[in-house]
Amino acid sequence: MAEPGKRSRKVVALIALMAVLVATLVAVNLYLLLGKDEQAKAGPAAAESKAPEPARFIKLDPFTVNVQGDLCGQRLLYVGLTLQVGDEKTERYLLDNLPPLRSRLLMLLSSQDAETAATADGKRALARDVTAMFEEPLTPSQPELTVQEVLFTEFIVQ
């Protein structure tokens, strides 16, 4: 049989090991719980500041314009556009100034060549031209506009 001194040392060592494990578990749990409380306090404000703004879109009524064609003379271009804008200020300004915006777009669209506009490269070039159009002010009091993308929702060359 084992000596009573060795057995008691094993029991004491086992109890000490259990105490260290329990203390470690308590410390880890407290750290995690307190860390979550601090994140919860700072979380809503931090989450709101980091949350991206929802995309803003301005859907314009479709345009129908006459364009020049090489083979057939006059042709029609029917285009539906949606503008993706970066902020509410740009959205409000463009909606408040739709007549001059539509006028500029009509002039730009009517200057297109039918065969070129029908190609994928022609559509990409047209989208770049529409985006570049916003560099020239629509009105004297125009703020800086953030037009991120021009999306074609309808596009027919006839």
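The following legends describe an overall view and several close-up views of a predicted model.

**Figure 1. Overall view of the chain.** This predicted chain contains five helices and four strands. Read along the sequence, these elements follow the pattern α-β-β-β-α-α-α-α-β. Of the 158 residues in the chain, 25% are buried. The chain exposes about 11100 Å², and 61% of this area is supplied by carbon and sulfur atoms. Among contacts between residues at least 6 apart in sequence, 72% join residues at least 24 apart.

Figure 2. Threonine 90 has its place in helix 2, which covers residues 88–96. The relative accessible area of threonine 90 is 0%, and the residue is therefore classed as buried, the limit for this class being under 20%. The side chain of threonine 90 is joined to the side chain of aspartate 87 by a polar contact of 2.6 Å. When residues up to four places away in sequence are not counted, threonine 90 touches Val85, Glu144, Leu145, Thr146 and Val147.

**Figure 3. Close-up of the packing of helix 3 and helix 5.** Two packed helices are described by the angle between their axes and by the distance between those axes. Helix 3 consists of residues 98–110 and helix 5 of residues 120–133. The two helices pack at an angle of about 145°, and their axes are 11 Å apart. The crossing in which helix 3 passes helix 5 is right-handed. On the side of helix 3, the residues that take part in the contact are Leu101, Arg104, Leu105, Leu108 and Leu109. They meet Leu126, Asp129, Val130 and Met133 of helix 5. Sorted by class, this contact between helix 3 and helix 5 comprises seven nonpolar residues, two charged residues and no polar residues.

Figure 4. Proline 99 is a residue of helix 3. The relative accessibility of proline 99 is 60%, so this residue counts as exposed, a class that requires a value over 50%. Proline 99 and leucine 138 are 39 residues apart along the chain, and their C-alpha atoms are separated by 9.9 Å.

**Figure 5. Close-up of glutamine 142 in a loop.** Glutamine 142 is located in the loop between helix 5 and strand 4. With a relative accessible area of 17%, glutamine 142 is buried, because the limit for this class is under 20%. A polar atom of the glutamine 142 side chain lies 2.5 Å from the backbone nitrogen of leucine 138. Residues up to four places away in sequence being left out, glutamine 142 touches Tyr93, Phe134, Glu136 and Pro137.

Figure 6. Strand 4 runs over residues 147–157 and includes glutamine 148. Although glutamine 148 and glutamine 84 are 64 residues apart in sequence, the distance between them in space is 5.5 Å, C-alpha to C-alpha. Glutamine 148 touches Gln84, Val85 and Gly86, not counting residues up to four places away in sequence.

Conventions. Residues are numbered from 1 along each chain as its sequence is written. This is a predicted model: local features need pLDDT of at least 70, side-chain atom pairs count only at pLDDT 80 or more; totals for chains, interfaces and linings use all residues. Side-chain values use heavy atoms; hydrogens and water are left out. Buried means under 20% relative accessible area, exposed over 50%, partly exposed in between (1.4 Å probe, protein chains only). A polar contact is a pair of N or O atoms within 3.5 Å; within protein, one must be able to donate a hydrogen and the other to accept it, and residues adjacent in sequence count only if both atoms are side-chain atoms. Contact means heavy atoms within 4.5 Å. Axes are lines fitted to C-alpha atoms, for helices over the stretch in contact, and angles run from 0 to 180 degrees between N-to-C directions. A crossing is left-handed if the near helix is turned anticlockwise from the far one by less than a right angle, and right-handed if clockwise. Ala, Val, Leu, Ile, Met, Phe, Trp, Tyr, Cys and Pro count as nonpolar, Asp, Glu, Lys and Arg as charged, and the others, Gly among them, as polar. Accessible areas come from the Shrake-Rupley method with a 1.4 Å probe; for residues, only the protein chains shown count as cover.
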